[in-house]
Amino acid sequence: MTDTPLVVHLIYRLDFGGLENLLVERINRMPAAHYRHAVVCLTDYTAFADKITKPGVELFALHKQPGLSLGTHAALFTLLRRLRPTILHTYNLSALEYAPAALLAGVPVRINGLHGRDAGDPQGRNRKHNMLRRLMLPFYDCCYANSADMLAWNRTVIGVAENKSRLLSNGIDADKFTPQGGVVRHFGPETIVIGTVGRIQDVKDHATLLRAFVLLHARLPQVRLAVVGGGPLLAALQAQAEQAGVAHLVWLPGARLDVADILRGFDMFALSSIAEGTPGSALEAMASGLPVVGTRVGGVPEVVADGVTGLLVAPSDAPAMAAALERYALDAALRLEHGTAGRARVERHYNMAAMVAAYESLYDALCEHKKQFRKSAKSCVE
């Protein structure tokens with residue numbers, strides 16, 4: 001058996017998404033001699049799992065049923081006893097409650113990552129959820145966040161101690177997402193394409209983006225909209241476009257693996273979320289040289305410098321988003337200026353190597369602390 005520590009990543013579902021994409025990137029890029037990895041999905045995984053290219057990464061699906069599903073806790077306990085990982089790394093609220101099972105299974109280090117809030121509670125005010133977060137604190141060695149906004153909320157609202165929390169920003173592969181390279185452009189060269197990439201679900205509020213597009217198209221007939229991603233609200237968004245009479249002007253290709261090429265076919269990027277951590281899709285757009293119109297929520301203002309790399313508007317405000325998009329649609333020079341600045345910002349502050357190194361450093365520090373604690377406890381007993 002290898003002495004290389006095993007990290008078990010516990011996630012609700014491994015499918016197309018920003019959190020999931022960055023998880024896969026970290027697994028693929030972290031030196032194999034330092035840590036091994038396994039991914040446990042509370043529900044299931046899709047073909048997206050094929051993006052894991054590192055040899056030896058095991059995948060497990062627990063097929064959790066809706067509700068409390070105590071059997072899932074037991075199944076995870078049994079699996080952890082067999083795998084004997086050094087670290088359990090859980091993601092977001094959906095996996096938070098499984099730390100006690102990991103403790104009972106003898107997992108030395110337990111980490112939870114806050115990468116965003118649920119669509120039903122974008123401001124983090126749900127008392128039941130917040131009580132669960134507080135109850136789970138003693139079972140975790142670290143509860144990090146991927147944006148300064150989320151980090152402050154974790155400390156002030158949930159009560160995470162400063163020595164058990166830290167900021168771990170997202171990173172982007174600036175060599176993959178560039179203004180140069182292959183281009184996928186669904187609409188003709190005479191059009192101006194507003195694009196977005198992300199899972200089509202409540203928290204991303206694509207419905208507001210579509211309403212903004214309808215308002216803008218009435219003034220500028222040359223604009224088009226591309227919404228790339230799958231998700232539970234894809235059919236509803238298609239129906240909304242048809243009802244508004246703009247279905248022929250909106251491209252909804254579903255989930256795609258050629259996102260880097262697709263981004264290069266956009267003229268600007270839109271992010272209409274009602275809640276966000278550090279938005280990876282916006283970082284990818286900025287690395288691709290696109291200006292970003294985003295909502296002023298969560299970690300978005302930390303990423304998109306208003307008036308420098310993009311424009312920020314209030315969430316769920318279709319007229320405001322339409323006005324910001326119109327500024328870029330009418331000014332190609334401004335699109336280039338802000339897009340160039342966005343690329344530079346990603347290269348300086350959000351590079352992939354720094355992100356991977358930060359996670360590895362966290363793993364190292366917690367493992368070393370646990371090792372020293374055990375030595376101290378052993379010496380006290382003796």
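These numbered points walk through the main features of a predicted model.

1. **The sheet with β1.** Start with the open sheet of six strands in the order β3-β2-β1-β4-β5-β6. The pairing in this sheet is parallel. β3 (58-61) and β6 (142-145) stand at the edges. Each has a single partner strand, so one side of each is left without a neighbour in the sheet. From one strand to the next, the twist averages 20°.

2. **A closer look at β2 and β3.** These two strands pair in the parallel sense. Four bridges join β2 and β3. To find the pairing in the model, look for V40, which stands opposite F60 in β3.

3. Another open sheet of six strands has the order β9-β8-β7-β10-β11-β12. Its pairing is parallel. The edge strands here are β9 and β12 (310-313), and each pairs on one side only. The twist averages 20° from one strand to the next.

4. **A closer look at β10 and β11.** Strand β10 (residues 268-271) pairs with strand β11 (residues 292-295) in the parallel sense. The pairing runs over three bridges. F269 stands opposite V292 in β11.

5. **Helices on the sheet with β7.** Helix α10 (residues 280-287) packs on the sheet and touches β7 (192-197), β10 and β11. Its direction makes about 170° with that of β10. Helix α12 (residues 318-329) lies across β7, β8, β10, β11 and β12. α12 runs at about 165° to β12.

6. **Helix α8, inside and out.** Which residues of helix α8 (residues 234-243) are buried? They are L237, Q240 and A241. Seen down the axis of α8, these buried residues fall within an arc of 100°, so they line one face of the helix. An α-helix has 3.6 residues a turn, so residues three or four places apart point the same way. The face of α8 turned away from the buried side carries the exposed residues A235 and Q243.

7. **What covers α8.** The cover over the buried residues of α8 includes α7 (206-219), β8 (223-228) and β9 (250-254). After α8 comes G245. The phi of G245 is positive, near 75°.

8. **V303, buried or exposed?** V303 has a relative accessible area of 1%, and buried means under 20%, so V303 is buried. Its place is in helix α11 (residues 300-303). Leaving aside neighbours within four places in sequence, V303 is in contact with T278, P279, L283, M286, T309, R345 and Y350. K51 is 252 residues from V303 along the chain, and their C-alpha atoms are separated by 26 Å.

9. **The second largest pocket.** This pocket has a volume of about 520 Å³. It is lined by 26 residues. Of these, the closest to its centre are T4, L6, R36, L83 and R84. The largest share, four residues, comes from α2.

10. T4 is found in the segment before β1 (6-11). At 16% relative accessibility, T4 counts as buried. Not counting residues up to four places away in sequence, T4 touches A32, A33, H34, Y35 and R36.

11. **Cavities.** How many cavities of 30 Å³ or more does the structure hold? It holds two. Rolling a probe the size of a water molecule over the atoms shows where empty space is left. The largest cavity holds about 110 Å³ of space. Residues that line it include N92, L114, R133, C143, W153 and V160. The elements that give two or more residues to this lining are α3 (92-96), β5 (109-114) and α6 (148-158).

Methods. Residues numbered from 1 in each chain as written. Predicted model: local features only at pLDDT ≥ 70, side-chain atom pairs only at ≥ 80, totals over all residues. Heavy atoms only, no water. Buried < 20%, exposed > 50% of the residue type's maximum accessible area, 1.4 Å probe, protein only. Arc of directions from axis to C-beta. Contact = heavy atoms within 4.5 Å. Pairing = 2+ DSSP bridges. Axes fitted to C-alpha atoms, helices over the stretch in contact; angles between N-to-C directions. 1 Å grid on protein atoms, 1.4 Å probe; cavity = no way out; pocket = protein on both sides within 12 Å on 5 of 7 lines; lining within 4 Å. Points joined across faces, edges and corners; volume = space filled by probe spheres on them.
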